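The model is a predicted one.

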Amino acid sequence: MSTGRTIDFHAHILHPELASISQDKVVLTGFGATPPRPRPPGSRADAFFQFMLRPDLHVAEMDRRKIDVHVLSSSTVVQGTFWAAPDEEPRLCAMMNDAMNDWVLSYPDRFVGTMVLPFQNMQATLSEIERCRERYGFRIVNAPANVHDRYLGDPSFNDYWRVASEANLVTFIHPDGVRDPWFQRYSLWNSVGQPMEETKVIASLIYEGVLERHPGIAIVISHGGGYAPLFMGRLDRNVTNMPDSTVNIRGFPSDYIKRLSYDICVYDPAALARLIEHVGAERLLLGSDFPFGDPTAFDLLDRVEGLSAEDRQKITSGNASALLQTVKPSD
């Protein structure tokens, strides 16, 4: 993939049937406590959903925003599968992955596909990885931060990380919503809960030793990684203050955050500047959270004082291009 093409690594789509059966089981509706918001035809909300349901409208909006390529992922806050029984979730994930491939085939030069996995069942997860790799060439996994309160560093996911490392997969971690009902008021599940989930999964990956065991593994964290990349001092302090916390790692926690990549959907140029300072521009990817998120991601980069043209190009194109080249299926 040419490094000159602008790549948005954080763009969502929907499966009509999955979205319908999920609507009272996901965070967007308070897991059924809040009725879905109305979407009158022609409204902004309706337009957002049409972008996620129709590839032609999706691409037209990409053109308007001057984005060449979208890395597509299921909008799991709208149509998650975690609520399904462990023997039912594999079917739902396969249904979404089949639809994802249809999207990619409709505009192969504009879309890169990802797969969702039935993480409640590790055997089914590994089988679906193999199916999607062999049938569709997918090499990117759209993963939640946790599965029924087990964050992804938990030893129960060790087989996944082993396979992801051996198969050279990219794992894009996007929380599917905090379960605590306190976060529903004022939509705090989104503004506060998502960054907290990202912080917790990063801590899990570090402290459970996933990044120690698989130093070259490719992981992208949504929304700038939440609070973790900007608040490593307190974790580093524990290396000397509470050394038992480092039983699975050999370095400081802040060493490991530079092994992860992050999208730049943070909305604040000061936060983005600090993220660049802490992890480096080479670890950042353009990510707008399309269609819900930041329609002016380029403007955010323009507002970061002192950002060089070289670093800007890395973020909008070069880093994602290099990452996608590493997972390109071999012929």
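## Helices α6 and α7

Helix α6 (residues 122-136) and helix α7 (residues 158-166) have axes that come within 10 Å of each other and cross at roughly 15 degrees. Angles under 35 degrees count as roughly parallel, and α6 and α7 are therefore roughly parallel to each other. Their crossing is right-handed.

On the α6 side, the contact involves M122, T125, L126 and I129, which meet D159, Y160 and V163 of α7. Sorted by class, the contact of α6 with α7 has 5 nonpolar residues, 1 polar and 1 charged.

## Helices α5 and α6

Helix α6 also packs with α5 (89-106). The axes of α5 and α6 come within 11 Å, and the crossing angle is roughly 20 degrees. The two helices, α5 and α6, are therefore roughly parallel to each other. The crossing of α5 and α6 is right-handed.

From α5, the residues in the contact are P90, C93, A94, N97, D98 and N101, and from α6 they are A124, E128, R131, C132 and Y136. The contact of α5 with α6 consists of 6 nonpolar, 2 polar and 3 charged residues.

## Helices α2 and α3

How are α2 and α3 set relative to each other, parallel or perpendicular? The axes of α2 and α3 are 5 Å apart, and the packing angle is about 110 degrees. Angles of 65 to 115 degrees count as roughly perpendicular, so α2 and α3 are roughly perpendicular to each other.

In this contact, Q50, F51 and L53 of α2 meet P55, L57, H58 and E61 of α3. By class there are 4 nonpolar residues, 2 polar and 1 charged in the contact of α2 with α3.

## The largest pocket

Rolling a probe the size of a water molecule over the atoms shows where empty space is left. The largest pocket holds about 1,200 Å³ of space. It is lined by 45 residues, and the closest to its centre are L28, V77, W189, N190 and F292.

Several helices contribute to this lining: α1 (16-22), α2 (44-53), α4 (76-79), α8 (188-207) and α12 (269-279) each supply at least two residues. By class, the lining of the largest pocket has 25 nonpolar, 16 polar and 4 charged residues.

## The cavity

How many cavities of 30 Å³ or more are there? The count comes to 1 cavity. The volume of the largest cavity is about 180 Å³.

The lining of the largest cavity has 19 residues, and T81, E89, L117, P144 and D176 lie nearest its centre. At least two lining residues come from each of α4, α5 and β4 (140-143). Helix α4 also supplies at least two residues of the lining of the largest pocket. The residues lining the largest cavity divide into 9 nonpolar, 8 polar and 2 charged.

## Backbone details

Most residues other than glycine have a negative phi, and most peptide bonds are trans. Two places in the backbone are listed here. The peptide bond from F290 to P291 is cis, with omega near 0 degrees. P291 is found in the loop between β10 (284-285) and α13 (297-302).

The other place is K66, which is not a glycine but has a positive phi of about 65 degrees. K66 lies in the loop that runs between α3 (55-65) and β2 (69-74).

How values were computed: Residues numbered from 1 in each chain as written. Predicted model: local features only at pLDDT ≥ 70, side-chain atom pairs only at ≥ 80, totals over all residues. Heavy atoms only, no water. 1 Å grid on protein atoms, 1.4 Å probe; cavity = no way out; pocket = protein on both sides within 12 Å on 5 of 7 lines; lining within 4 Å. Points joined across faces, edges and corners; volume = space filled by probe spheres on them. Helix = DSSP H or I, 4+ residues; strand = E, 2+ residues; numbered from the N terminus. Nonpolar A, V, L, I, M, F, W, Y, C, P; charged D, E, K, R; others polar. Axes fitted to C-alpha atoms, helices over the stretch in contact; angles between N-to-C directions. Parallel < 35°, antiparallel > 145°, perpendicular 65-115°, else oblique. Left-handed = near helix turned anticlockwise from the far one by under 90°. Contact = heavy atoms within 4.5 Å.
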